[in-house]
Amino acid sequence: MSEMFEHIIASHHIVRNPRMAFFTVLSVALAVAIIVVMMGLMGGFREEIMSTTIENNPHVVIEPKEGENEIHLYRTLSATVWTYPGVVAVSPRLKGKAVVEHRDMARGVEVVGVIPADEDPLMRVERDLIEGSFMDLELSRYSAVIGSRLAEEIRASTGDRIELIRQNRSISLKVAGIMETGTASDKTLLYIPLETAQDILGQGDVVSEVSVRLSDLYDAPYLAEEINRKTSYTARSWVEINRDILNLLETQSRFVIIFYILIFAIAGFGIANTMIMIITRRTKEIGILMAMGATRLSIMKIFILESLILAPPSALIGCILAYIAARLIMMYPVELPSEIYMVSRMTVVMKPEFFFWAVIYSMIVNLVAGLYPAYRASRLDPVEAIAVE
């Protein structure tokens, strides 16, 4: 009966003070919306980083032996790597710097010589093509696939011929395709057949690295360790290669947690301030309830219940606002410079667990914010409270 009494009184207070209820709900709803959107932005940023910077790169890179600049026995090494479980692609690659010219426009590029049938399962190049075909590199030795931003800068299209210059060597290449990864490599990447790269770079029958993709990218550190232990080559996993990026994500997570705490404190103080003002205006009413037999614990429960009753609508409105904000961001995407942020656009990922945590957050902030005002109300002297004008 006592529980029902306290709940009725708390509900009555809310109905009698719609303005208080509105601003309390609104303050928490805005905090919930901000936190859910921040979770979505961080989730989207992480997924975009994983897909463009990590997932779209080799999981393991095997480099030359100590004291050597190239891998000579790359065919034997590739065959050895294929024997490890979980390997889905192995691609020998020869890299080097050169200059590409077209229509009096010249740009520095990173030349990557590959065997197309090996490279496509590794980097999924065909999937990223917006024009042409990556497999055309197998049909024509003097052809190239270039990044979309590089194509824009030198004003080249599929079928055009471009000049690739390296020191005192130059060759004419036909643009077989244009690819777009959404990363900074779109501005510098130029794929050519491995034999052509060996010719223009003057390296002979060698490669710079042997790159590997696994069915589970999280097995990469173990494979790299195994190759380092069993061979004299140097193998690095994506975890080691992208250590700086992973540290950046970890640092951002810490800053976001601090941001959540500040939002929690702001919303909590707002609710607490509103509740204290209500208690001040209801001092006489509290005194009458105590004179009628209500215990200090009951008074405390009334004001805690009052805060908790406002939590569900706060969470619901906050989630709706967050969803609307996320939809607007996705409808009108914000383009980002990939050279700085490592991703080309701002994305928001809305997951069910984000809304679950929003409800929990709303309950906690309302409960914590209501504790002190409830305690203060329960400590009032009934005689003095009734005497208040």
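Accessible areas here come from the Shrake-Rupley method with a 1.4 Å probe. On that basis, the accessible surface of this predicted model comes to about 19,800 Å², and 61% of that surface belongs to carbon and sulfur atoms. Of the protein's 389 residues, 46% count as buried. The secondary structure comprises 17 helices and 10 strands. As for how the chain meets itself, take the contacts between residues at least 6 apart in sequence: 77% of them join residues at least 24 apart.

Which residues of α3 are buried? In this helix, spanning residues 74–81, they are Tyr 74, Leu 77, Ser 78 and Val 81. These four cover an arc of only 100 degrees around the axis, so they lie on the same side of α3. The partners of the buried α3 residues are the strands β1 (60–63), β2 (87–102) and β9 (209–214), together with the helices α8 (194–201) and α9 (220–230).

Further along the chain, we can turn to a pair of helices. Helix α13 (residues 296–309) packs with helix α14 (residues 311–331) at an angle of about 20 degrees, and their axes are 4 Å apart. Because angles under 35 degrees count as roughly parallel, α13 is roughly parallel to α14. On the α13 side, Ser 307, Leu 308 and Ile 309 make the contact, while α14 contributes Ala 311, Pro 312 and Pro 313.

Conventions. Residues are numbered from 1 along each chain as its sequence is written. This is a predicted model: local features need pLDDT of at least 70, side-chain atom pairs count only at pLDDT 80 or more; totals for chains, interfaces and linings use all residues. Side-chain values use heavy atoms; hydrogens and water are left out. Axes are lines fitted to C-alpha atoms, for helices over the stretch in contact, and angles run from 0 to 180 degrees between N-to-C directions. Helices (H or I, at least four residues) and strands (E, at least two) are DSSP runs, numbered from the N terminus. Angles under 35 degrees count as roughly parallel, over 145 as roughly antiparallel, 65 to 115 as roughly perpendicular and the rest as oblique. Contact means heavy atoms within 4.5 Å. Buried means under 20% relative accessible area, exposed over 50%, partly exposed in between (1.4 Å probe, protein chains only). The arc is that of the directions from the helix axis to the C-beta atoms.
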